[in-house]
Amino acid sequence: MELTLRPNGGAERAMDNNSGDVVVALEGVRKQYGDFVAVHRADFSVGRGEFFAMLGPSGCGKTTTLKIIAGFEQPTAGRILLEGTDVSRVPPYKRNVNTVFQQYALFPHMTVAENVAFGPRSKHVPKREYQSQVRQILDIVRLTEFIDRKPAQLSGGQQQRVALARALVNYPSALLLDEPLAALDLKLREAMQLELKRIQREVGITFVFVTHDQGEALTMSDRIAVMSEGVVEQIGSPEEIYNRPASLFVAGFIGSANLLPGTVAGRDGDATVVELECGVTVRAAGVRPPDRGAPASIMIRPERLQVRTAAGDEGRSLEGTIRDVIFQGASARLQLILADGTEVVTLVDPDDDLPFLHPGSTVHLAWNPEAAYLLAGWPARPGATSTDVDQVEATL
């Protein structure tokens, strides 16, 4: 797999490598194992105090990139800059970065305080000084009452915070995190997302976070680099990534999306007119409009679709038959089939009094003008991206 930047993928939004606010910069980084190229021409930077996520399915190159930054892998070509200094050939222990892995690797015979103090002690920091540092960082991660406990006496979330404190106590230029929440159960993982963001804001250190979980990246990150098969598809803020994806992969990978293929028929003011395969003509804005006759897709997020009994405005309405209604607590999920057999998904408030919502009912799906987003090309599988088991499994 090769790692490169899409020309329209948001790389222009990456910070200027020459800026004084850049902490980590990759310049033309390439990683090759024999004939296999794992990373090709990686170019992006991470700013001071930024929470930067590398997001993508397994095998997309994100962990290899993180290891190159950490020094555990050497680039075949290119440079890694840390605080403006080339550290490409500097060993990991001499780089002012720390890494937290899925396995926290705490010393079981040491207390919380001793685990956190291990780094400063190894650097021969005076005892009074490192004891003060340990207490300060344990206060930030809210573990002062557990200071004398051993790791076996802590919960999974508490152990993770010890690992974070140990990595942060020396105040590195950047903290690198390789899916540190993966081992936690769902509720604890969601709680730790907010806790990790709070800790990062309090210490003000640059975080580079690797994950395949879109919710984690959207919740915590200032910017996200979305990767697919070794390619950086897009770099941008969570809002940009979610609402204005640069490719079909980003649209389908981030959250849930309805991807409706069609052909460009022309222009109508600022909108592009697309004749969908399901037989409906719609209007949408988005990426640079493809030429007339070119394949294109319309992305509409499930939460942007409105269920109605009558057709909506021309160019902003689809007719479908309800296949299933699934109660999900905060919302009810509707699976619908369009005229050409394409499956789409929408969400409704379970408190809404909509007695006609039952399997077999024919309804109309309407949306506001800004909800339809134009993308070039056709998806491998049209319709809702969250209902194809093989596709979802491939992202994990």
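Begin by selecting the five strands of the open sheet, which follow the order β15-β19-β16-β17-β18 with antiparallel pairing. Strands here are DSSP runs of E with at least two residues, and helices are runs of H or I with at least four, numbered from the N terminus; two strands pair if DSSP finds at least two bridges between them. Because β15 (306-308) and β18 (343-348) stand at the edges with a single partner strand each, one side of each has no neighbour in the sheet. From one strand to the next, the twist averages 45° (axes are lines fitted to C-alpha atoms, with angles from 0 to 180 degrees between N-to-C directions).

This is a predicted model, in which local features need pLDDT of at least 70, side-chain atom pairs count only at pLDDT 80 or more, and totals for chains, interfaces and linings use all residues. Residues are numbered from 1 along each chain as its sequence is written, and side-chain values use heavy atoms, without hydrogens and water.

Next, select β16 (residues 317-327) and β17 (residues 332-338), an antiparallel pair joined by 7 bridges. Isoleucine 326 has arginine 333 in β17 as its bridge partner.

Lysine 31 is buried, at 9% relative accessible area (buried is under 20%, exposed over 50%, partly exposed in between, with a 1.4 Å probe and protein chains only). A polar atom of the lysine 31 side chain lies 2.7 Å from the backbone oxygen of glutamine 74.

Finally, select helix α1 (residues 62-70), where the buried residues include Thr65, Leu66 and Ile68. Glycine 71 follows α1 and has a positive phi, near 100°.

Technical notes:
A polar contact is a pair of N or O atoms within 3.5 Å; within protein, one must be able to donate a hydrogen and the other to accept it, and residues adjacent in sequence count only if both atoms are side-chain atoms.
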